[in-house]
Every structure is written in structure tokens, then in C-alpha cells.
Amino acid sequence: MAGQEDRVPRGRVRRTVPLAGFTARAAGGRMVASLREKAGDAGAVGRFHERTAERYAELLGHSKGVLMKAGQLLSMVDASAVGSGGFSPYQKALARLQADAPPMDPALAKDVLHADLGRPAEKVFAEFAEEPMAAASIGQVHHAVLHDGRQVAVKIQYPGAAEAIRADLANTELLATFFRMATSVAGITMPDTRRATAEIADRIAEELDYRLEAANISAFSELYRDHPFIRIPEVVYEASGDRVLTMTYLDGLDWAAAQRADQDLKNSWGEVILRFSGGAFRHANLFHADPHPANCRFGLDGRVGFVDFGCVTVIPEAQRQSFLKMVRAAIDGRRQDVHDLMAEVGFLTTDSAVSADEAYQWYAGLADEYLAPQPVTFTHDTSKRAIQGLIDVRSAAHPVRRMSIPHNLVFFSRINLMANAILAALEATIYARSILDDMDGLVEAITPLGKQHDAWVHRRGLPHGLDPHDHP
């Protein structure tokens with residue numbers, strides 16, 4: 001068996017103390033750097049943040065599991081959008097966690113595979129790359145070839161990850177400590193860190209269950225069968241188990257390379273991502289709650305592959321319809337309907353102090369790209385509005401302070417934030433309003449991709465987002 005040094009540290013004390021101790025030392029170091037700068041040491045604070053960011057990223061990367069997942073989430077939040085330049089070094093350092101986590105030893109990965117599948121890698125695969133393609137928060141991914149010639153991606157869970165993460169989830173102070181550091185450095189005030197922490201914990205717990213993820217992949221693979229530009233892998237069940245998940249390999253550019261592509265190609269990818277992030281819960285009852293760029297494979301033909309389905313939410317039909325009607329009411333400017341439907345979905349209580357005007361203005365701020373003259377380019381301001389609308393609620397008058405986010409829609413905020421961040425990073429120019437309208441089935445598609453998508457919807461006999469008879 002491979003050495004134990006690659007196992008995830010277990011136990012509440014072993015995984016909390018390093019973070020808490022480092023956070024305390026960082027707070028003291030920040031004060032010292034500030035005093036030095038005031039005494040004439042120009043740039044002392046900036047240098048402190050750069051050093052601390054590197055150390056924090058290293059700590060989170062080796063911790064794997066809950067802390068690393070939280071670091072990945074934070075890396076995509078543009079905190080400079082709320083005027084916090086001090087967070088920039090942390091964001092850059094944490095961004096490496098998207099695809100550059102420290103991997104486990106190749107021999108240990110094979111040991112996990114053998115133990116889970118009951119056969120060594122050489123029996124399961126004709127070829128198996130010992131070096132991982134990617135090392136993420138809960139497992140790492142290896143390229144392999146089946147004996148029938150199919151290329152596959154094999155996700156292997158870190159040994160000890162399940163036990164350590166369950167201990168993390170029982171230790172509410174662990175994530176709370178992390179988020180206190182993050183929001184303090186970023187200058188952000190979140191509406192309810194307890195709710196966000198609890199929901200993130202729930203979803204991470206689900207991501208440990210590779211059999212559940214396999215079922216999620218199969219559901220999306222069936223939903224998007226024969227789609228012209230959305231690619232979903234297929235599960236290879238005979239090479240999958242509790243801690244090993246094998247799926248067909250999707251090639252394409254990674255996120256770093258995608259950002260260097262021609263703008264026309266980036267515009268196409270932007271439309272695909274928008275249709276995927278907003279389409280699954282229009283054509284079915286599925287929320288894909290992890291639209292992270294590291295989980296995308298960007299094709300030179302304009303297609304996009306999506307490869308991680310550990311974080312999926314199923315929405316009850318009645319709530320799904322009310323949610324879509326709420327979005328449509330906001331787009332159409334029907335203020336009272338927005339308020340009433342927010343209450344129906346569960347965002348507002350029946351005696352809420354949020355007025356119809358406040359509810360509409362809040363949602364209109366999130367939907368600015370859909371209300372603006374078309375086509376629209378997603379920019380830094382897009383992320384800024386999303387952050388200010390969803391998580392930066394320093395003002396006591398912010399409507400979110402008086403809202404009650406439904407448990408199964410907490411990750412709606414994450415979808416909104418992440419999709420906006422990806423499209424803004426691509427600087428994608430797209431017909432956002434018409435895309436929403438044709439996905440809801442209210443108009444015919446006007447873009448080439450939209451026409452292909454609409455033909456696929458009709459060919460498959462899938463529903464659009466709304467029943468036109470229900471639309472005013």
C-alpha cells in the first residue's frame with residue numbers, strides 16, 4: 001500500500017486548529033504591516049497580503065474537502081466589485097485551487113481503485129495515466145482507455161476524504177472561521193453566513209456520494225441526448241463504485257486556454273453556458289448548481305462539455321413553475337406579480353416588510369443584462385451587481401436582509417454569481433433577452449445556436465420553460 005502521508009487529515013482538532021491559528025496570526029500580521037506602511041514602508045500592506053494569500057492557498061489545497069471547496073467558491077467571487085482591492089491577491093491564489101490542487105501519490109490512487117472495484121487498474125483499463133489530469137477538492141481525475149477503445153475520465157476519491165469531511169461538517173466552526181476571514185479581508189457582509197455555511201455543507205456531503213453523482217450524470221446525459229452544442233459524458237457503470245467514478249472523456253480547452261480564445265468563439269461559449277445554466281430547470285426539474293469554469297471543456301467548434309455533477313438539486317414541479325413565472329414577471333416589469341410570486345416560491349413570508357417596488361428593483365438589478373438594449377456584453381459591472389444584490393448586504397435597508405431563501409433554492413444565488421462571473425470573464429456579447437424568451441417558449445429563437453436548440457427541443461418533445469397560455 002502507498003504511504004499514509006497522502007491521506008486527508010482527520011479529526012476536528014487536526015483540521016480546525018491550523019486554519020484558526022493561521023487566521024489569528026494573519027490578523028496580527030495585518031496590523032503590523034499597516035503600522036509599517038504608516039511609518040513610511042511603502043507597499044508593506046500589499047506585500048503582507050501577497051505572502052498571506054500564498055500561504056492560505058497552500059493550507060486550503062492540502063486540507064482538501066470542505067475548506068478547499070470553500071476556497072474554490074470564493075476564488076470566483078470578484079470582491080473588487082465591492083471596492084475591496086485587498087482581496088485581489090487572495091482571489092488570484094485561490095483561483096489555482098480550481099485545477100491545481102496537490103495530487104495524491106499514483107500508487108495510492110491505484111490502491112483506492114483496486115479496493116473499490118475489486119480489480120487492479122490493469123484489469124479494468126487497457127491504459128491508465130498515473131499522473132492525474134486534475135486534482136480537485138474531494139477527488140482527482142485520471143485519463144484512461146477501456147479495453148473496447150473508449151477514452152474515459154476516472155475520478156478517484158481521496159482516501160480518508162469521506163471521514164474527514166463528515167468530521168468537518170459536524171464542526172460548524174471550521175467553515176465559519178473560514179468565511180469570517182474571507183468576508184473580513186474582502187470587505188463583504190453576507191446576509192446569513194449560517195445559512196450559506198449549512199447549504200454548502202449539505203451539497204459537499206452529497207458530492208462524497210459518487211453513486212449519486214453517477215445518477216445525476218445519467219439524468220443530464222439523457223436530458224441532453226443528441227444536443228447540438230451541450231455535451232454531457234456517459235457513466236461507465238462497470239468501472240464505477242463508491243469511491244471511483246468513470247465516465248466517457250470529453251476533450252476541449254481548459255478555462256485558462258478558453259480565456260485566450262477569439263472573441264467570436266467566446267461569445268458562442270457564453271451563449272451555450274447561459275442556455276445550460278438556465279435550461280435544465282426549464283426543460284426538466286434539474287438545477288445544476290456548480291457552473292464552475294473548471295468543470296467545463298471548451299470546444300473549438302463552439303460546443304461546451306460539462307463534467308462535474310456532484311452538486312445537483314431537483315425542484316418540485318409547482319415550485320419550478322412559480323419560480324419561472326417570477327423570473328418572467330421581473331423581466332416583463334410586473335412589480336406586484338414579482339412580489340406575489342416571490343412569496344409563493346418562498347423568498348418572502350406572507351407578512352414580509354419588502355414592498356413590491358423593493359422586490360422588483362432588487363430583481364431588476366440582477367437581471368440588468370436582460371433588460372438592457374440587446375445584444376449585451378457581460379462585464380465587470382455584471383459581477384458587481386450580482387455580488388451587491390446577492391451577498392454584499394452592508395446596508396440595513398438591503399431587501400435580502402428581509403428575505404427567507406428557500407432551502408432548495410439557496411444555490412440559485414451561486415448559479416447566478418458563477419454564470420455571471422464566467423460570462424464576464426469571457427466578455428461575452430450575446431442576445432441575453434431573446435435567449436431567455438425563446439427558452440421560455442414565448443418567441444422563436446433568433447441566434448444560430450438558438451435555432452439549433454429549438455429544433456432539438458421540438459425533436460425531443462421537451463417542454464419550454466413556460467406554458468404560453470399561462471403568460472399574460
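How many of the 7 residues in strand S3 (residues 139-145) are buried?

Analyst: Five: S3 is mostly covered, with 5 of its 7 residues buried. Buried here means under 20% relative accessible area, while exposed means over 50% and partly exposed lies in between (1.4 Å probe, protein chains only). Before we go on, this is a predicted model, where local features need pLDDT of at least 70 and side-chain atom pairs count only at pLDDT 80 or more, though totals for chains, interfaces and linings use all residues. Residues are numbered from 1 along each chain as its sequence is written, and side-chain values use heavy atoms, with hydrogens and water left out.

Now for the neighbours of S3. Strands are DSSP runs of E with at least two residues, helices are runs of H or I with at least four, and both are numbered from the N terminus. Two strands pair if DSSP finds at least two bridges between them. S3 and strand S4 (residues 151-157) run antiparallel and are joined by 7 bridges; Gly-139, for example, has Gln-157 in S4 as its bridge partner. The hairpin of these two strands has 5 residues between them, and there Gly-149 takes a positive phi near 95°. Strand S1 (residues 127-128) is also antiparallel to S3, through 2 bridges, with Phe-128 opposite Ala-144. Strand S2 (residues 134-135) joins S3 by 2 bridges too, again antiparallel, and Ala-135 stands opposite Gln-140.

Phe-128 leads us onward. Contact means heavy atoms within 4.5 Å, and Leu-113 touches a list of residues including Phe-128, Val-154, Ile-156 and Val-244, not counting residues up to four places away in sequence. Leu-113, Phe-125 and Phe-323 have the most contacts inside the largest nonpolar core, which has 104 residues. Helix H12 supplies the largest share of this core, 8 residues. A nonpolar core, by the way, is a set of buried Ala, Val, Leu, Ile, Met, Phe, Trp, Tyr and Cys residues joined through side-chain atoms within 4.5 Å.

Where else does H12 turn up? There is an open sheet of 3 strands in the order S5-S9-S8, with mixed pairing. S5 (230-231) and S8 (296-298) stand at its edges with a single partner strand each, so one side of each has no neighbour in the sheet. Helix H12 (residues 263-283) packs on this sheet and touches S5, S8 and S9, its direction making about 35° with that of S9. Here axes are lines fitted to C-alpha atoms, for helices over the stretch in contact, and angles run from 0 to 180 degrees between N-to-C directions.

Back to Phe-323, this time for its ring. Rings of Phe, Tyr and Trp (its six-membered ring) pair if their centres lie within 6.5 Å; planes under 30 degrees apart are stacked, over 60 edge-to-face, and the rest tilted. That rule gives 12 aromatic pairs. One of them is Phe-287 with Phe-323, edge-to-face at 5.9 Å centre to centre with 80° between the planes. This pair links distant parts of the chain, 36 residues apart: Phe-287 sits in strand S7 (residues 286-288) and Phe-323 in helix H13 (residues 317-332). Phe-287 counts as buried because its relative accessible area is 6%, and Phe-323 is buried at 2%.

Finally, zooming out: the protein chain has 20 helices and 12 strands, and buried residues make up 56% of its 472 residues.
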